[in-house]
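Q: I am new to this structure and would be grateful for a close look at a single part of it.

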Amino acid sequence: MYPSLNINLSKLAYNTSIISEIFVANNLKLMAVTKAFCGDCIIADTLVANGAEYLADSRIENLAKLKNIPIPKLLLRLPMKSEIESVISFADYSLNSELETIYMLSEAAVNQDKVHNIILMLDLGDLREGILPKDIYSLIPKILNLPLIKLSGIGVNLTCYGGVIPDEINLGELADIATRLEQDFNISLEIISGGNSSSFYLIESGKLPSKINSLRLGESILLGRETAYGNNILNLYNDAFILNCQIVELKEKGSKPKGKIGMDAFGNIPTFEDRGILSRAILAIGRQDVSPDDLTPIDKDIEVLGASSDHLILNLSNCKTKYKLGDVIEFSLNYGSILSLFTSPYVKKQYIK
Ligand SMILES: *Cc1c(COP(=O)(O)O)cnc(C)c1O
């Protein structure tokens, strides 16, 4: 059945095990981020079997799916007031930046008689979530006294909104803050979380401050890439996920629509260059499943022309392969397309051992 997303579990196992070895060698705890695959248990099991020590997701629904995997779970997105009870039920840790939310977590933790671990997020320049460093000192005493709340660590998220690259300066600041908090409040922090796949390159270059003891990795594991510069990690696989779509129309047609041009299906007024007659294929997948800009045909001679909600249009004019109706075209994927394909119930998920 198509469209199908092929998930190569051996490649994911390999990527995870190599990253895990690097983490062990550098005294780092590996938190595997499951949001791109919507908390799929089979994939999560593979990551855990190959060295992931924590599972982390931004959505509590995904952590709920993972509840039978017996390792600690982290909620990555700051908890909504409307989901506090489920956060206590399904997450052992949550990332936080609002005292009011932490008070609510404490109340819910008391209701459920369960300890909840807090990782305070610091904003070190990226301007997404986090407490400003100047405000953290006044916050700590208020958190330390809360029933069933354990202050387990501090963390940072970079390269997400502002595109700020992690380096020895901003992560050095995180490390210094951790050291000072431990001294001044006489506490020990279990987790100093130095960011996501954009921090990976600092391990490779030996520049990750030694106080940082964990990273939260999604893309590095799934696509074998660090994301500060987009470089491959060692010989990890980039193609553990492949999309297959079937051709439902194949015709020689013009390249410039005929008639008066109004808005397309998405309210944009399109423009076209006349490139003569093209060999055009329509595939049964569309923007409801994935953005055409995030798909790379494995046959390099195929050009993606565009898509509407349910149709993806290709130019096959330059292909050496002679395609026919019903043939399956393969695409390699980036993080964005993996994310949206997993979210589409119309895309069949197929595991390859
Ligand atoms: C998504 C997310 C990550 C993982 O990011 P990758 O770039 O996939 O490694 C880490 N931390 C937080 C807070 C996130 O939201």
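At what angle do helix α6 (residues 136-144) and helix α7 (residues 168-185) pack, and how far apart are their axes?

A: The model is a predicted one. Two packed helices are described by the angle between their axes and the distance between the axes. For α6 and α7, the angle is about 50° and the axes lie 12 Å apart. The crossing in which α6 passes α7 is right-handed.

On the α6 side, the contact is formed by Ile136, Tyr137, Ile140, Pro141 and Leu144. These meet Ile177, Arg180, Leu181, Asp184 and Phe185 of α7. By class, the residues of this contact comprise eight nonpolar and two charged, with no polar ones.

Helix α6 also packs with helix α5, which spans residues 99-112. Here the angle is about 10° and the axes are 11 Å apart. Because angles under 35 degrees count as roughly parallel, α5 is roughly parallel to α6. Leu99, Ile102 and Tyr103 of α5 make this contact with Leu139, Lys142 and Ile143 of α6. Five of the contact residues are nonpolar and one is charged, while none is polar.

How values were computed:
Residues are numbered from 1 along each chain as its sequence is written. This is a predicted model: local features need pLDDT of at least 70, side-chain atom pairs count only at pLDDT 80 or more; totals for chains, interfaces and linings use all residues. Side-chain values use heavy atoms; hydrogens and water are left out. Axes are lines fitted to C-alpha atoms, for helices over the stretch in contact, and angles run from 0 to 180 degrees between N-to-C directions. Helices (H or I, at least four residues) and strands (E, at least two) are DSSP runs, numbered from the N terminus. A crossing is left-handed if the near helix is turned anticlockwise from the far one by less than a right angle, and right-handed if clockwise. Contact means heavy atoms within 4.5 Å. Ala, Val, Leu, Ile, Met, Phe, Trp, Tyr, Cys and Pro count as nonpolar, Asp, Glu, Lys and Arg as charged, and the others, Gly among them, as polar. Angles under 35 degrees count as roughly parallel, over 145 as roughly antiparallel, 65 to 115 as roughly perpendicular and the rest as oblique.
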